[in-house]
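Reader: This one is new to me. Please take me through it, starting wherever you like.

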Amino acid sequence: MMNKEELIAKAREARSLSYSPYSHFAVGAAVLCRDGEVYVGANVENASYPLCMCGERNALYNAMMHGKKKEDLLALAIVADSDRVCSPCGACRQVISELFPTEGKIYLANLKGDTQETNIAELLPFAFSEEDL
């Protein structure tokens, strides 16, 4: 099974697929599934900024489009060229809270080799969920 460093390396590779001509902030993400499959994503920007899509969501949606369910996912790695580890935005935190398992590991990283392990409960306490509807 793939370890943390290998998953972060996949996210770094995915980062090269980023389309970020406006922010120049390329983000790569990789989702590891129980069967060993890895699905990647990168941020894709648009001149109409609200239409941009983050790497984390692209990776999760990529896994879903390949038939994966929440219970199939084990870990998520997110990488950017930042001073601190790359942390997901609020929209991504909300999506992760619904599509990623609570016990799943989330690895935040940067290109300098800094990493931090967390989970969605730490990133988004009191998440809005189906129980709130």
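Reader: What is the relative accessible area of K105?

Author: The relative accessible area of K105 is 37%, so K105 counts as partly exposed. The cut-offs are under 20% for buried and over 50% for exposed, with partly exposed in between (1.4 Å probe, protein chains only). This is a predicted model, in which local features need pLDDT of at least 70 and side-chain atom pairs pLDDT 80 or more, while totals for chains, interfaces and linings use all residues. Residues are numbered from 1 along each chain as its sequence is written, and side-chain values use heavy atoms, without hydrogens and water.

Reader: OK. Which residue forms a salt bridge with K105?

Author: E117 does, and the closest N and O atoms are 3.4 Å apart. A salt bridge here is a side-chain nitrogen of Lys or Arg within 4 Å of a carboxyl oxygen of Asp or Glu. K105 lies in strand β4 and E117 in strand β5 (residues 115-118), so the pair ties together parts twelve residues apart in sequence. E117 is partly exposed, at 44% relative accessibility. Helices (H or I, at least four residues) and strands (E, at least two) are DSSP runs, numbered from the N terminus.

Reader: How many salt bridges does the structure hold?

Author: Two. D35 forms a salt bridge with K68, with the closest N and O atoms 2.4 Å apart. D35 is in the loop between β1 and β2 and K68 in the loop between α2 and β3, so this pair ties together parts that are 33 residues apart in sequence.

Reader: And K68, buried or exposed?

Author: K68 is buried, with a relative accessible area of 14%.

Reader: Switching to strands. Which strands does β1 join by bridges?

Author: Seven bridges join β1 to β3 (residues 73-80), and the two run antiparallel. Five bridges join β1 to β2 (residues 38-42), also antiparallel. Two strands count as a pair if DSSP finds at least two bridges between them. As examples, C33 has L73 as its bridge partner in β3, and G28 has A42 in β2.

Reader: How many residues of β1 are buried?

Author: Seven of its seven residues, so the strand is mostly covered by the cut-offs under 20% and over 50%. V27, A29, V31 and C33 point one way, while G28, A30 and L32 point the other way. In a regular strand the side chains alternate between the two faces of the sheet.

Reader: What about the turn between β1 and β2?

Author: That hairpin has four residues between the strands, and G36 takes a positive phi near 90°. R34 lies in the loop between these strands too, and is partly exposed at 46%. Leaving aside neighbours within four places in sequence, R34 is in contact with M1, E71, D72, L73, L74 and E103. Contact means heavy atoms within 4.5 Å. The C-alpha atoms of R34 and L73 are separated by 6.0 Å, although these residues are 39 apart along the chain.

Reader: L73 again. Where else does it turn up?

Author: In the largest nonpolar core, which has 21 residues; L73 is among those with the most contacts inside it, along with L60, L76, I78, I96, F100 and I106. β1, α2 (55-65), β3, α3 (90-99), β4 (105-110) and α4 (120-123) each supply at least two residues of this core. Apart from it lies another core, of ten residues, including I8, A30, A77 and Y107. A nonpolar core is a set of buried Ala, Val, Leu, Ile, Met, Phe, Trp, Tyr and Cys residues joined through side-chain atoms within 4.5 Å.

Reader: What does L60 touch?

Author: Not counting residues up to four places away in sequence, L60 touches V31, L73, V95, I96 and F100. L60 is one of the buried residues of α2, and these pack against β1, β2, β3 and α3.

Reader: And P101, buried or exposed?

Author: Buried, at 4% relative accessibility. P101 sits in the loop between α3 and β4 and touches K70, L73 and I120, again leaving out residues up to four places away.
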